[in-house]
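Please have a look at the sequence and the structure before I start, and then we will go through them together.

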Amino acid sequence: MLAVHFGAGNIGRGFIGQLLHQAGYKICFVDVSDELVAEINRRQEYTVSLASEEKTTFTIHNVTALLSKDEEAVAEAIASADLVTTAVGPNILKFIAPVIAKGIQKRIKAEGKALNVIACENMIGGSSALKSFVYESLNEEEQKQATLVIGFPDAAVDRIVPLQKHDDKLWVTVEPFYEWVVNQSQVLGAVPQVEGITYVSDLGPFIERKLFTVNTGHAAVAYLGYLLKLGSIDQAIQNSYVLDMTEKVLHETGALLIAKHHFDSKQHEEYIHKIIKRFKNPYISDEVTRVGRSPIRKLSAKDRLVGPALQALEYGITPSALSLVIAAALLFDSKDDPEAAEIQSHIKENGIEAAIQKYTGISSASPLFALILETYKKVKSQINSASI
Ligand SMILES: NC(=O)C1=CN([C@@H]2O[C@H](COP(=O)(O)OP(=O)(O)OC[C@H]3O[C@@H](n4cnc5c(N)ncnc54)[C@H](O)[C@@H]3O)[C@@H](O)[C@H]2O)C=CC1
Ligand SMILES: O=P(O)(O)OC[C@H]1O[C@](O)(CO)[C@@H](O)[C@@H]1O
């Protein structure tokens with residue numbers, strides 16, 4: 001069995017690669033990095049180690065790699081694959097779509113069997129978004145045929161894999177916990193048998209629970225930690241203010257999730273505690289700048305901060321703590337992050353009101369707009385007087 005996986009990065013090698021290997025797939029990674037591709041092809045194996053006291057390791061064999069610019073070879077691989085997965089980042093999906101479309105065209109011509117393409121990204125509807133991009137490169141007839149044989153099941157993926165700092169370029173250290181939930185109702189043909197994938201018929205509650213708890217909570221720790229000049233997630237979560245505000249944030253999103261999806265409140269409380277415990281994992285050193293990376297994406301209307309804040313209002317929940325994190329994200333000025341730099345220069349040139357509208361999509365008439373603005377001004381003055 002062959003799996004073609006786009007993105008040989010942390011989640012690609014450390015999570016999806018491990019599970020696909022254990023399920024018996026040969027993996028062909030596709031990446032833009034010459035260095036990664038060459039090293040994977042030279043060794044054809046790599047190590048995944050667990051960030052825990054035991055430091056258990058797994059060797060992932062049977063791996064090869066292609067450069068994404070080698071379009072003919074990538075399309076050929078897709079044409080003969082049993083599964084296609086991605087972990088490249090939400091903003092990259094549109095760039096890998098044309099070559100996936102090429103592979104689909106070859107497959108349709110050869111009357112190949114049904115194939116599923118699963119985007120494993122931190123976003124709602126990742127595979128559906130990828131499908132839309134792929135369809136832009138298919139003509140009407142190809143789209144019709146693709147609809148019958150190419151499934152794009154949406155997924156939620158959860159495993160913390162920090163930036164890697166090893167002499168071995170392929171080694172990847174990951175937290176022991178993982179969760180990979182896939183919408184079975186969007187699968188076409190045989191359901192991929194991968195131990196570790198949980199198939200559900202309605203992904204909505206799972207992806208919102210994950211994105212609005214793990215990722216919202218993580219973003220809260222990252223942006224508040226950054227404001228307080230704390231470099232790593234484990235340092236930040238040890239700060240009582242950061243911990244207290246993160247818990248408040250997770251109770252706001254929790255109230256929304258319980259009201260909307262009818263999760264059991266006691267079980268949800270346990271879920272929150274489990275996630276905060278994962279953030280405290282002493283065997284993981286995760287930089288706040290990694291977890292807070294790409295603030296434009298994280299501030300967008302459907303993502304982990306503004307998404308639950310807008311929905312909370314609809315359920316009569318005031319997102320005060322969420323507004324604090326949104327304000328902190330607007331203050332995130334990590335100099336190595338191009339999206340942070342763009343927000344900061346927009347604020348400088350056009351003012352905070354214009355920036356809130358542009359990056360969150362919230363209209364100035366919304367009560368959330370006023371709440372974020374007020375919180376931003378308060379936090380900024382506290383920073384200026386060094387009282388935060
Ligand atoms: N790191 C984590 O703990 C988690 C990350 N995710 C999601 O997984 C996705 C990937 O994240 P990471 O693995 O952390 O990032 P990463 O930066 O480690 O990996 C991304 C990989 O994609 C490659 N890439 C970029 N453009 C490409 C292209 N056009 N074609 C092929 N490959 C390309 C990069 O070279 C890199 O190797 C993101 O959507 C992220 O939100 C989800 C859950 C956990
Ligand atoms: O990968 P993103 O979407 O930039 O955000 C980082 C987040 O994703 C994770 O990497 C894993 O879910 C978390 O560490 C963090 O919440």
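Leaving aside its neighbours within four places in sequence, which residues is Gly14 in contact with? They are Val48, Val161, Val172 and Val174, where two residues are in contact if their C-beta atoms, placed from the backbone, lie within 7 Å.

Before I go further, a word on what we are looking at. This is a predicted model, in which local features need pLDDT of at least 70 and side-chain atom pairs count only at pLDDT 80 or more, while totals for chains, interfaces and linings use all residues. Residues are numbered from 1 along each chain as its sequence is written, and chains are lettered from A and ligands numbered from 1 in the order in which they are written. The protein averages a pLDDT of 97, and 99% of the residues score at least 70, pLDDT being the predictor's confidence in each residue, from 0 to 100. The scores for the model are ipTM 0.96 and pTM 0.92.

Let me return to Gly14, which has its place in helix 1; helices (H or I, at least four residues) and strands (E, at least two) are DSSP runs, numbered from the N terminus. Why is Gly14 called buried? Gly14 is buried because 27 other C-beta atoms lie within 10 Å, and the scheme calls a residue buried if 20 or more other C-beta atoms lie within 10 Å of its own, exposed if 12 or fewer, and partly exposed in between, with C-beta atoms placed from the backbone. Asn10 lies in helix 1 as well, which spans residues 10-22, but Asn10 is partly exposed, with 19 other C-beta atoms within 10 Å. Beyond its neighbours within four places in sequence, Asn10 is in contact with Val161, Gln164 and Val172.

UniProt positions are given in the numbering used here, feature names are shortened, and annotations may be inferred rather than shown by experiment.

That brings me to the ligands. Ligand 1 is surrounded by 26 residues, of which the closest are Gly7, Gly9, Ile11, Glu121 and Asn122; a residue counts as near a molecule or strand if its C-beta atom, placed from the backbone, lies within 6 Å of it. Helix 1 gives the largest share of this shell, three residues, and helix 1, strand 2 (26-31) and helix 4 (93-109) each supply at least two. By class, the shell around ligand 1 has 15 nonpolar, eight polar and three charged residues, where Ala, Val, Leu, Ile, Met, Phe, Trp, Tyr, Cys and Pro count as nonpolar, Asp, Glu, Lys and Arg as charged, and the others, Gly among them, as polar.

Around ligand 2 we find residues including Asn122, Asp158, His218 and Arg293. The shell around ligand 2 divides into three nonpolar, four polar and two charged residues, and helix 7 (residues 204-227) gives the most to it, with three.

How is the protein divided into domains? There is domain 1 (2-202) and domain 2 (205-384), with bounds that come from an automatic or database domain assignment, and the shell around ligand 2 draws at least three residues from each of the two. The C-alpha centres of domain 1 and domain 2 lie 28 Å apart, and 16 residues of domain 1 are in contact with 17 residues of domain 2. On the side of domain 1 that touches domain 2, the residues divide into 10 nonpolar, three polar and three charged.

The unreviewed UniProt entry also carries the annotation "domain: Mannitol dehydrogenase C-terminal", covering residues 202-368. Over residues 202-368 the chain is 71% helix and 0% strand, and the end C-alpha atoms are 29 Å apart.

I will finish with two lysines in loops. Lys55 has a positive phi of about 50 degrees although it is not a glycine; it sits in the loop between strand 3 (46-50) and strand 4 (57-60), and it is exposed, with 10 other C-beta atoms within 10 Å. Lys229, in the loop between helix 7 and helix 8 (233-237), has a positive phi of about 60 degrees, although it is not a glycine, and Lys229 is exposed, with 9 other C-beta atoms within 10 Å.
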